[in-house]
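Let's take a friendly walk through this structure together. Have the sequence and the 3D view at hand as you read.

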Amino acid sequence: MQYTSPLEDILRTNDRCSCGRAHSCSLQSFYVLPDSSEDFLPELLGRFGARRLHFISSSSAMEALGERVHSRMSSLGYPVSSSVFPPESGFVCDHVSAGDLLIHVPYGTDVIVAVGEKTVCDLAKFVCSKQHLPLIFLPVSASSDTFSMPEAEFTENDRRIRLPVPAPTVIVADISVLSAAPTSSSGAGVASLLADIVSLSDWDLCSSVTGSSRCSELSGLLSDRCRDILRRIENGISPKDSTLMSDLITCLVLAGVISDLTGTLLPVRGSESCIARTAELKLVSEDITDISFETLRGIASLYCVRMYEYLRKNRPDTETARQDFYGIDRVYFNSELFRVFGEKEGHRILSSFGGENYYQTEGRMRRLNLLSRIYDEVMPPLWSSLPSSSRMTSLLRTLSVPTSFYDIGFTREEILDILIWGKELSGSYDITKLLADFLVLEKAAYTMV
Ligand SMILES: [Zn+2]
């Protein structure tokens, strides 16, 4: 069987890293095969000593790969039960689908094999975490960096929540299948990588300003890989370029793995994710669920890069920011928060402000004092590590991915709310909070709408 395991070094390493920590993650193996990935199953299942299998997929993924995988599993003589959901665009990962799945996994199942995209993967991760089972996942598109992440996204009432669950045990990427997926799927994958570059810059900014820990080795590795892919797709993605497709899925899996290795979502979820989630909350509350988080994150990352660019063009003054800050008007703040996020989410955000929060005057003054000293040292490397907003826009356009919140129907007022208030969903420090510390976030947002 011809396969490669491009992340072997990272997944296997137990040595202490240069950041001082010993990293570990739940994904044990990642394989890339040119085609016929179903033929790899006997070897994989043998390693787990499996006796009874459960198979999870969606009807659309069945056509792409699921049928072949399912019949290969059955031909091996294992008892195989299965749960096949509607196409992934037609259902969400929620407690109904998860509950339905849980009751259909027979007692005595040893291994779960799932074939699909993000929703199938999230459901399978959730069920495996409940039943302590190993999960072998075969993606049918290179569309997301969440496959290998230690979380599952659930839709609950009118919002989406992310539950901590272990990543799959094994991920197998079949390049012939990924290359046959619609271009928009790989486009969403590339948008995720663009967004990861923003997250990595925010992570760097956060550790410089708050002193929180950061692994520069893993951060540098992901950043190099993402930028390499972006450089190679300058003129679009050719599905025939199997090396590129292999590197794209490897980079997406690596992003999730790095969030697992570092024990924090910061390398892959920065200001752009908070902005994307704010946009998502608005869409979900209006029952619009067909726009993926990856798409929103791609758009949001473009706005965040423009925020970094705003600071490059308009040097903020710490002294003015110190003098003009009179503390937060609580009544106004709360009423705006409820207006933008609604009552329930607003209360949830307020209750998440515990202990020394971002808005307390002393903390803010301390940050401004620090920034007046380190600004010229911290910002230039971040500016040079980010692609320019015009380059990002043309990249996203080549991939037929939306480049603005206007493209998905938001009004100017809604976009301003999303850009200015998205930071309330973040528990860490990032570019939006830096702009807010300098009292220029609103000004910057107005230049973008
Ligand atoms: Zn490290």
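What you are looking at is a predicted model. Where they touch, domain 1 supplies seven residues and domain 2 supplies eight residues. On the domain 1 side of this contact, one residue is nonpolar, three are polar and three are charged.

The largest nonpolar core has 125 residues, and Ala114 and Ala124 are the ones that touch the most other members. Helix H7 (residues 183–210) gives this core its largest share, 13 residues. Both domain 1 (8–181) and domain 2 (269–446) contribute residues too, so the core lies between them. For a close look at one of its members, pick out Ala124: leaving aside residues up to four places away in sequence, Ala124 touches Ile56, Ile112, Ala114, Leu135 and Phe137.

Next, follow the chain to helix H14, which covers residues 361–385. How far apart are the end C-alpha atoms of this helix of 25 residues? They are only 31 Å apart, whereas a straight helix at 1.5 Å a residue would reach 36 Å. Look along H14 and you will also find a kink of about 70°, centred on Ile374. Ser372 sits in helix H14 as well. If you compare Ser372 with Glu217, the two are 155 residues apart in sequence, and their C-alpha atoms are 27 Å apart in space.

Most residues other than glycine have a negative phi. His132, although not a glycine, has a positive phi of about 50°. You will find His132 in the loop between helix H5 (118–131) and strand E5 (135–139). With 7 other C-beta atoms within 10 Å, His132 is exposed.

Asp287 is not a glycine either, and its phi is positive at about 65°. The loop that holds Asp287 runs between helix H10 (271–285) and helix H11 (293–313). Asp287 is exposed, because 7 other C-beta atoms lie within 10 Å.

How values were computed:
Residues numbered from 1 in each chain as written. Predicted model: local features only at pLDDT ≥ 70, side-chain atom pairs only at ≥ 80, totals over all residues. Helix = DSSP H or I, 4+ residues; strand = E, 2+ residues; numbered from the N terminus. Expected span 1.5 Å × (residues − 1). Bend = angle between axes of the 7 residues up to and from the residue. Core = buried A, V, L, I, M, F, W, Y, C linked by C-beta atoms within 7 Å. Buried ≥ 20, exposed ≤ 12 C-beta atoms within 10 Å, placed from the backbone. Domains from an automatic or database assignment. Contact = placed C-beta atoms within 7 Å. Nonpolar A, V, L, I, M, F, W, Y, C, P; charged D, E, K, R; others polar.
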